[in-house]
Amino acid sequence: MKIKILLSEKLGEVRITQAELSRRTGISPNTISKLYNDCAEKISIKDLETICQVLDCDISDLISSENSEKEIEIYLDELDLLVKKMKQAKKTKDMLVFLEKIQLLINDILYYAKGR
């Protein structure tokens with residue numbers, strides 16, 4: 001399975017430059033460039049959430065699977081569930097646990113998508 005980051009397509013759709021996205025999100029131009037060029041090894045959940053907020057889009061608008069849409073839907077469903085659980089968590093400790101799980105899931109998706 002190959003995961004594709006769709007940031008270049010999304011920025012073209014909403015007509016925002018990489019530099020403008022960097023300014024609006026506070027994410028470094030280098031990180032935006034890696035995502036834009038689909039060569040990121042890892043994605044911070046915070047960065048992904050910030051990009052989605054700024055672009056007013058869903059995570060599925062930024063990530064796709066070239067080989068198996070069903071597999072990516074399963075990952076995204078699990079990711080959505082973890083995000084919901086994190087938002088419902090009352091304690092900071094619980095939130096951190098969910099954030100760690102989300103980060104690991106995203107890293108796993110990218111790791112296996114790059115064919116490693």
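Helices here (H or I, at least four residues) and strands (E, at least two) are DSSP runs, numbered from the N terminus. The model is a predicted one, so local features need pLDDT of at least 70 and side-chain atom pairs count only at pLDDT 80 or more, while totals for chains, interfaces and linings use all residues. Residues are numbered from 1 along each chain as its sequence is written, and side-chain values use heavy atoms, with hydrogens and water left out.

Helix 2 itself, residues 18–25, has Leu-21, Ser-22 and Thr-25 buried; buried means under 20% relative accessible area, exposed over 50%, and partly exposed in between (1.4 Å probe, protein chains only). The arc is that of the directions from the helix axis to the C-beta atoms. An α-helix has 3.6 residues a turn, so residues three or four places apart point the same way. The cover over the buried residues of helix 2 includes helix 1, helix 3 and helix 4, where a contact means heavy atoms within 4.5 Å.

Two packed helices are described by the angle between their axes and the distance between the axes. For helix 2 and helix 4, the angle is about 105° and the axes lie 10 Å apart. Axes are lines fitted to C-alpha atoms, for helices over the stretch in contact, and angles run from 0 to 180 degrees between N-to-C directions. Helix 2 and helix 4 are therefore roughly perpendicular to each other; angles under 35 degrees count as roughly parallel, over 145 as roughly antiparallel, 65 to 115 as roughly perpendicular and the rest as oblique. Helix 2 brings Leu-21, Arg-24 and Thr-25 to this contact, and helix 4 brings Thr-50, Ile-51, Val-54 and Leu-55. Sorted by class, that makes four nonpolar, two polar and one charged residues. Ala, Val, Leu, Ile, Met, Phe, Trp, Tyr, Cys and Pro count as nonpolar, Asp, Glu, Lys and Arg as charged, and the others, Gly among them, as polar. Thr-50, found in helix 4, is buried, with a relative accessible area of 18%. Leaving aside residues up to four places away in sequence, Thr-50 touches Thr-25 and Ile-27.

Helix 1 covers residues 7–14, and there Leu-7, Lys-10 and Leu-11 are buried. Down the axis of helix 1, these buried residues fall within an arc of 100°, so they line one face of the helix. Strand 1 (3–5), helix 2, helix 3 (29–36) and helix 4 (45–55) are among what covers them. Helix 1 packs with helix 3 at an angle of about 100°, and their axes are 7 Å apart. This pair, helix 1 and helix 3, is therefore roughly perpendicular as well. Leu-7, Ser-8 and Leu-11 of helix 1 make the contact with Ile-32, Leu-35 and Tyr-36 of helix 3. By class, the contact of helix 1 with helix 3 counts five nonpolar, one polar and no charged residues.

Within helix 1, Leu-7 counts as buried at 2% relative accessibility. Not counting residues up to four places away in sequence, Leu-7 touches Leu-21, Ile-32, Leu-35, Tyr-36, Ile-51, Leu-55 and Leu-62. Leu-7 and Ile-51 are 44 residues apart in sequence, yet 9.2 Å apart in space, C-alpha to C-alpha.

Two loop residues also turn up with positive phi. Arg-15, in the loop between helix 1 and helix 2, has a phi near 55°, a positive value in a residue other than glycine. Asp-38, in the loop between helix 3 and helix 4, likewise has a positive phi of about 55° although it is not a glycine. As for cover, Arg-15 is exposed, with a relative accessible area of 77%, whereas Asp-38 counts as buried at 14% relative accessibility.

Stepping back to the whole chain, the protein has six helices and two strands, and its elements run β-α-α-α-α-β-α-α from the N terminus on. Of its 116 residues, 39% count as buried. Among contacts between residues at least 6 apart in sequence, 64% join residues at least 24 apart.
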